[in-house]
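Try each task before you read its solution.

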Amino acid sequence: MSDIQKKELIKYCKSLGLEVHTTTKARGHSGFFLKNRIDISKNLPEQKIVQTLLHEFAHYVHFKINPNLHRNGGGLEELFGTNVANLEEELFKVTNFVDENSLCVRLYELKARNKEKLLEYEKIVKSEYPKFQRSKKFKEFDKFIKKSRAKYLLKYDRVRLVTGVFRKTVQNISVVNLERDFPEISESFCAYIRLRSCLRRQARLSSKINRLQKYYKKPTELFARLVEGLYLDREWVCAIAPNATKIFFENLDKNFYPNLLPLKNYLS
């Protein structure tokens, strides 16, 4: 059935003047849509091709409604009408169902573990410097680090130092090998350098989570995953997004979404 659906869907897309390519890497994604072209990754499992095609076709539908889609990400109002106050929350639940990566579980786990390490290093520093606070200058450390090459590790986890008259002396230093590279540094100061490393990593993880959530919450992505979700399990999607799906099917039956109505059987 999936193979028949795939062939019929590709044939329908091509009848609308869309180019459909299934032998590319889709720019590193499962699928990719741009203007009149849909690419589906050649590495995609056969059972995911139809849902990915529908996802990219939904972007095409949205593009027909809003030609500036690739610049502004579109809006929920243009897809569902003016009363969209609670729809984003529903649609994001659908996104979580369709794509578990949107939950950022792995990133939150890494962030939690990193926070544990951060607190562990803070405890070590406070064992020798009870008044230490992350938010304030660590004067004792600042005075010491000025004379040490370990100062470069306050910004980077690994550093390659090239020194000497002819710049032929190379030394690789890292946060991991602090005790080996700098045996003169005390345990508390090593802990502080690693604490700084943890703070940098925490910021990177938070930034990545924010970027991913911003991407997944783009109206065009929410719409595409709604279409994808209805193909996968209409009953469940209607249960977790009752208002969004009600408006969607009302609009679909009115032929509001360009060229999508003929595909209604894929969403039932």
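**Exercise 1: The whole chain**

Of the 268 residues in the chain, 44% count as buried. The model is a predicted one.

Task: State how many helices and strands the chain has, and decide whether the chain is a compact globule or more spread out.

Solution: 
- Start with the elements. The chain has 11 helices and five strands.
- Next, take the radius of gyration. The value is 26 Å, while the globule rule gives 18 Å for 268 residues.
- Compare the two. The chain's value is well over the rule's, so the chain is more spread out than a compact globule.
- Along the principal axes, the C-alpha trace covers about 75 × 45 × 35 Å.
- The chain exposes about 16000 Å², and carbon and sulfur atoms supply 50% of that.
- Finish with contacts. Take those between residues at least 6 apart in sequence: 56% of them join residues at least 24 apart.

**Exercise 2: A hairpin**

Task: Describe how strands E2 and E3 pair, and find the bridge partner of Phe 32 in E3.

Solution: 
- Locate the strands. E2 holds residues 31–34, and E3 holds residues 37–41.
- Read the pairing. E2 and E3 run in the antiparallel sense, with four bridges.
- Look at the turn. Two residues lie between the strands of this hairpin, and Lys 35 in the turn has a positive phi of about 55°.
- Pick out the partner. Phe 32 bridges to Asp 39.
- Check the faces of E2. Gly 31 and Phe 33 form the covered face; Phe 32 and Leu 34 form the uncovered one.

**Exercise 3: Arg 37**

Task: Is Arg 37 buried, partly exposed or exposed, and what does it contact?

Solution: 
- Use the cut-offs: under 20% is buried and over 50% is exposed. Arg 37 has 32% relative accessibility, so Arg 37 is partly exposed.
- Set aside neighbours within four places in sequence. Arg 37 then contacts Leu 18, Glu 19, His 21, Thr 24 and Phe 32.
- Look at the side chain. A polar contact of 2.7 Å links it to the side chain of Asp 39.

**Exercise 4: Thr 245**

Task: Is Thr 245 buried or exposed, and which backbone oxygen lies 2.7 Å from its side chain?

Solution: 
- Thr 245 sits in helix H11, residues 242–253.
- Judge the cover. Its relative accessible area is 4%, so Thr 245 is buried.
- Name the oxygen. It belongs to Ala 241, and the distance of 2.7 Å is to a polar side-chain atom of Thr 245.
- List the contacts beyond four places in sequence. They are Leu 226, Leu 230, Val 237 and Cys 238.

Key. Residues numbered from 1 in each chain as written. Predicted model: local features only at pLDDT ≥ 70, side-chain atom pairs only at ≥ 80, totals over all residues. Heavy atoms only, no water. Buried < 20%, exposed > 50% of the residue type's maximum accessible area, 1.4 Å probe, protein only. Contact = heavy atoms within 4.5 Å. Polar contact = N/O pair within 3.5 Å; in protein donor to acceptor, adjacent residues only side chain to side chain. Pairing = 2+ DSSP bridges. Rg over C-alpha atoms; globule rule 2.2 N^0.38 Å. Areas by Shrake-Rupley, 256 points an atom, 1.4 Å probe, with all protein chains shown as cover.
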